[in-house]
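This report describes selected helices and side chains of the structure shown below.

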Amino acid sequence: MSAMPGARDFVLANWQKDPRGVNGLGVMLQHPLATRAFLTFNNHVAVTSTIGKRERELLILRMSWLRGSEYEFLQHVVLGKRFGLSDADIERLQRGPEAPGWSPLDADLLRAVDELQADARIGDATWERLSQHLTLEQRIDLIYTVGCYEIAGMLFKTLGAQLDAGVEPLPDEVRRRMHARRTD
């Protein structure tokens, strides 16, 4: 956990009163060496990335929604709200970049996640529009963010991370929508 001291310190200080993240870390720590490497990468995404916090959470929430990672999605709803996303934003991101109400940049951020998830690349038109608002470093950090949380979602889903104590599951209707396009 020393690779991501902020997360370590949060969990150690709060695990009894706010256990968010405990089960996810427990899943990861089944392979300590890999977890150290992953958390070094995750620390960049969470702490030193050139992407703004609100935009980062938008990317993470969209990826976790697309991948049906309820554990990750619910963890980042809390963070997304802390960094400026509204309940309406969180509802709208479930419908994607074409949902009415997004700024052009927010729509393209969501579109980039969809394109990365579908084709492992951001399409030329989206990349060009993003380049009008984001530096090359920021666009690379966008890709790193999506990839980092793609890995986390795969790990949590495959190893069955359970929701942490006190975290309410998604309402049944929202869960049905999240998993509507998927088959196991």
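Helix H5 covers residues 70–82; at 1.5 Å a residue its 13 residues should span 18 Å, and its end C-alpha atoms are 19 Å apart, which agrees. The expected span is 1.5 Å times one less than the number of residues. Helices (H or I, at least four residues) are DSSP runs numbered from the N terminus.

The model is predicted: local features need pLDDT of at least 70, side-chain atom pairs count only at pLDDT 80 or more, and totals for chains, interfaces and linings use all residues. Residues are numbered from 1 along each chain as its sequence is written, and side-chain values use heavy atoms, without hydrogens and water.

Buried residues of H5 include Tyr-71, Phe-73, Leu-74 and Val-77; buried means under 20% relative accessible area, exposed over 50%, and partly exposed in between (1.4 Å probe, protein chains only). The buried residues of H5 pack against helices H2 (22–28), H4 (53–67), H6 (87–93), H9 and H10 (172–179), where contact means heavy atoms within 4.5 Å. After H5 comes Gly-84, with a positive phi near 110°.

There are 3 aromatic pairs in the structure. In one of them, Phe-41 and Tyr-144 have ring centres 5.6 Å apart and planes at 85°, so the pair is edge-to-face. Rings of Phe, Tyr and Trp (its six-membered ring) pair if their centres lie within 6.5 Å; planes under 30 degrees apart count as stacked, over 60 as edge-to-face and the rest as tilted. Because Phe-41 lies in helix H3 (residues 32–48) and Tyr-144 in helix H9, the pair ties together parts 103 residues apart in sequence.

| Residue | Relative accessible area | Class |
|---|---|---|
| Phe-41 | 26% | partly exposed |
| Tyr-144 | 40% | partly exposed |
| Leu-136 | 47% | partly exposed |

How values were computed. Helices (H or I, at least four residues) and strands (E, at least two) are DSSP runs, numbered from the N terminus.
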